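Welcome! Here is a short briefing on helix packing and pockets, to read alongside the model.

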Amino acid sequence: MYPYIHIGKYLLESYTLFINLGTLIGILVMYIILGKCNILEKNKWKLIIILLTIMGMSSPFARFIKGLFYNGNGTATHFIGRVLVALVVFELIFAFSKDNNFRLEQVGNSIVMYLAIQHFFNRLSCLMNGCCGGKIIKGWNKPFPSQIFEMSGMLILMGLIVFHLHKRKSFYYLFYICFSIIIFISEFYIDDTRVNADKLYPITGVQLGAIILCILSLVFYILKMKLFKESNQMIIAGNGQ
């Protein structure tokens, strides 16, 4: 692998480089999507700042999720912790928002596009650094391409987000559900001797986080659909009077 990259006279750590590159590209794409959704300039930057704040402040929770069921004190984090916090925080923010021109239905696709791009580059950085690789698959005698598996999943999700943007539909909650499934499956094959070495737990902390993310996404989606249906019924009833 290539843990370091030479650019001219500079020697850069590929892991940090690609993670930061993912953040920059994610912000740029998010800004473009918000512009196409006719979001006011101040609201664009408000949303971007909130998301970046969540990404930064959720680091302890991301470390906690990764550290669950570890055989030892792990210091690594996992992006699913940040994604889980983003889902809950944005749900609360938009639930109490009084701005009818700035709703989750309008900006949700831009949020999940950022998350997909960021995790794509997270796993690209792992691939370059040689970490988070897969276990040797019996009968194949080759390691499971865990980084490429998750990167491919993120590319598919990006395509689905673009598709829904063209259809003017939201992929917001479905993204979280799909993301959690991809991470849950990938965790079975990631080779990490610190996790479940004694097989005391059937799943890893990251998989537990994926299950919670999936359940919360389904609950929020069902509640949103219920509120939408009740709102339409009230409008119809009002028009009939």
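Which helix gives the most to the lining of the second largest pocket? H5 does, with 7 residues. This is a predicted model, in which local features need pLDDT of at least 70 and side-chain atom pairs count only at pLDDT 80 or more, while totals for chains, interfaces and linings use all residues. Residues are numbered from 1 along each chain as its sequence is written, and side-chain values use heavy atoms, leaving out hydrogens and water. Helices are DSSP runs of H or I with at least four residues, numbered from the N terminus.

**Second largest pocket**

- A pocket here is an open set of points on a 1 Å grid over the protein atoms alone, where a 1.4 Å probe fits, with protein on both sides within 12 Å along at least five of seven lines; lining residues have an atom within 4 Å of a point.
- The second largest pocket holds about 490 Å³ of space, the volume being the space filled by probe spheres set on the points.
- Its lining has 26 residues, and Tyr-15, Ile-19, Thr-77, His-78 and Phe-79 lie nearest the centre.
- At least two lining residues come from each of H1, H2, H4 and H5.
- By class, this lining has 12 nonpolar, 8 polar and 6 charged residues (Ala, Val, Leu, Ile, Met, Phe, Trp, Tyr, Cys and Pro count as nonpolar, Asp, Glu, Lys and Arg as charged, and the others, Gly among them, as polar).

**Largest pocket**

- About 1200 Å³ of space lies in the largest pocket.
- Of its 34 lining residues, Arg-103, Leu-104, Glu-105, Gln-106 and Ser-170 lie nearest the centre.
- H8 provides the largest share of this lining, 8 residues.
- The lining of the largest pocket divides into 18 nonpolar, 8 polar and 8 charged residues.

**Helix H2 with H4**

- The axes of H2 (residues 41–57) and H4 (residues 79–95) come within 9 Å and cross at roughly 135°; axes are lines fitted to C-alpha atoms over the stretch in contact, and angles run from 0 to 180 degrees between N-to-C directions.
- H2 and H4 are therefore oblique to each other (angles under 35 degrees count as roughly parallel, over 145 as roughly antiparallel, 65 to 115 as roughly perpendicular and the rest as oblique).
- In the contact (heavy atoms within 4.5 Å), H2 residues including Leu-47 and Ile-54 meet H4 residues including Val-85 and Phe-90.
- The contact of H2 with H4 has 12 nonpolar, no polar and 1 charged residues.

**Helix H1 with H2**

- The axes of H1 and H2 come within 10 Å and cross at roughly 145°.
- Among the contact residues are Ile-27 and Tyr-31 of H1, and Trp-45 and Leu-51 of H2.
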